[in-house]
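Me: I would like to go through this model term by term, asking each time what the label rests on. Please set each value against its cut-off before you conclude.

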Amino acid sequence: MPLQDLIVDNLISQTNFRLQFRQEYSRQGDGRTIAKDIGPPIWTAIFTTIPLKLNEVLALESKLNSLQGSMGEFEAYDVRIVGQSGSRTITDQTPNTFTLNSTLNLNVGEYLSVPYASGFVGFHQITSISGSVVTVVPAIRPGNGTVADTFKPKVIMTLEPDTIETSQTSNLFSRVSWEGRQVI
């Protein structure tokens with residue numbers, strides 16, 4: 001099934017990307033808290049449209065419904081940050097850094113997407129830049145490609161079940177919102 005194109009710049013008014021850590025913790029008798037990762041963190045997002053006419057609402061709802069809950073996938077990006085055009089060549093990496101051929105016009109907080117041979121797309125947020133080295137979260141998985149996309153960096157997501165909400169804003173317009181979770 002091809003990826004649905006749900007994120008259209010002029011229709012989405014708000015996105016909220018959040019890195020969801022998969023952790024558990026326990027408290028010790030002396031008051032200490034011990035935390036541990038139980039899996040790699042994944043990105044979640046909430047998308048909200050501008051007020052749409054009824055026919056646009058129905059068309060978008062049909063695209064969302066065609067995903068069959070979490071069975072289908074869609075590409076998403078944070079419409080708040082378009083990023084710089086083109087891509088950057090990855091010349092070296094560690095578990096938390098990429099060395100890029102250029103960091104010109106990159107900023108802390110922006111995203112990078114990196115394709116993997118398996119079809120998975122790594123989605124990372126820049127936490128610091130030092131020369132040609134960018135530090136990112138989450139950690140970089142082995143087997144990634146050699147190119148980092150910096151223009152509308154995309155992440156592959158599935159729909160969170162039962163999160164499609166339509167709210168009427170006037171007699172003629174409604175907003176649609178839904179939530180997605182990164183596919184790993």
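Reply: The centres of domain 1 and domain 2, taken over C-alpha atoms, are separated by 22 Å. The contact between them takes 12 residues from domain 1 and 11 residues from domain 2, where contact means heavy atoms within 4.5 Å. This is a predicted model, in which local features need pLDDT of at least 70 and side-chain atom pairs count only at pLDDT 80 or more, while totals for chains, interfaces and linings use all residues. Residues are numbered from 1 along each chain as its sequence is written, and side-chain values use heavy atoms, with hydrogens and water left out.

Me: What makes up domain 1 and domain 2?

Reply: Domain 1 takes in 1–77 + 157–184, and domain 2 takes in 80–153; these bounds come from an automatic or database domain assignment.

Me: Why is the pair Arg80 and Asp78 called a salt bridge?

Reply: A salt bridge is a side-chain nitrogen of Lys or Arg within 4 Å of a carboxyl oxygen of Asp or Glu. The closest N and O atoms of Arg80 and Asp78 are 2.6 Å apart, so the pair meets that limit. By this rule the count comes to four salt bridges, and one of them joins Asp30 to Arg32, with closest N and O atoms 3.0 Å apart.

Me: How do you know whether Arg80 and Asp78 are buried or exposed?

Reply: Buried means under 20% relative accessible area, exposed over 50%, and partly exposed in between, using a 1.4 Å probe and protein chains only. Arg80 has 52% relative accessibility and therefore counts as exposed, whereas Asp78, with a relative accessible area of 1%, is buried. Asp30 is exposed because its relative accessible area is 56%.

Me: What makes the salt bridge of Glu160 and Arg181 a tie between parts apart in sequence?

Reply: The side chains of Glu160 and Arg181 meet at 2.3 Å, N to O. Glu160 lies in the loop between strand E12 (155–159) and strand E13 (165–168), and Arg181 in strand E14 (residues 173–182), so the pair ties together parts that are 21 residues apart in sequence. Here helices (H or I, at least four residues) and strands (E, at least two) are DSSP runs, numbered from the N terminus. Glu160 is buried at 19% relative accessible area, and Arg181 is partly exposed at 27%.

Me: Why are strand E2 and strand E3 said to pair?

Reply: Two strands pair if DSSP finds at least two bridges between them; strand E2 (residues 12–27) and strand E3 (residues 33–49) have 14 bridges in the antiparallel sense, so they qualify. Phe17 stands opposite Ala45 in E3. E2 and E3 form a hairpin with five residues between them, and Gly31 in the turn has a positive phi of about 100 degrees.

Me: What makes the buried residues of H1 line one face?

Reply: In H1, Val57, Leu60, Glu61 and Leu64 are buried. Seen down the axis of H1, the buried residues fall within an arc of 100 degrees, so they line one face of the helix; the arc is that of the directions from the helix axis to the C-beta atoms. What covers these residues includes E3, strand E4 (52–53), E12, E13 and E14.
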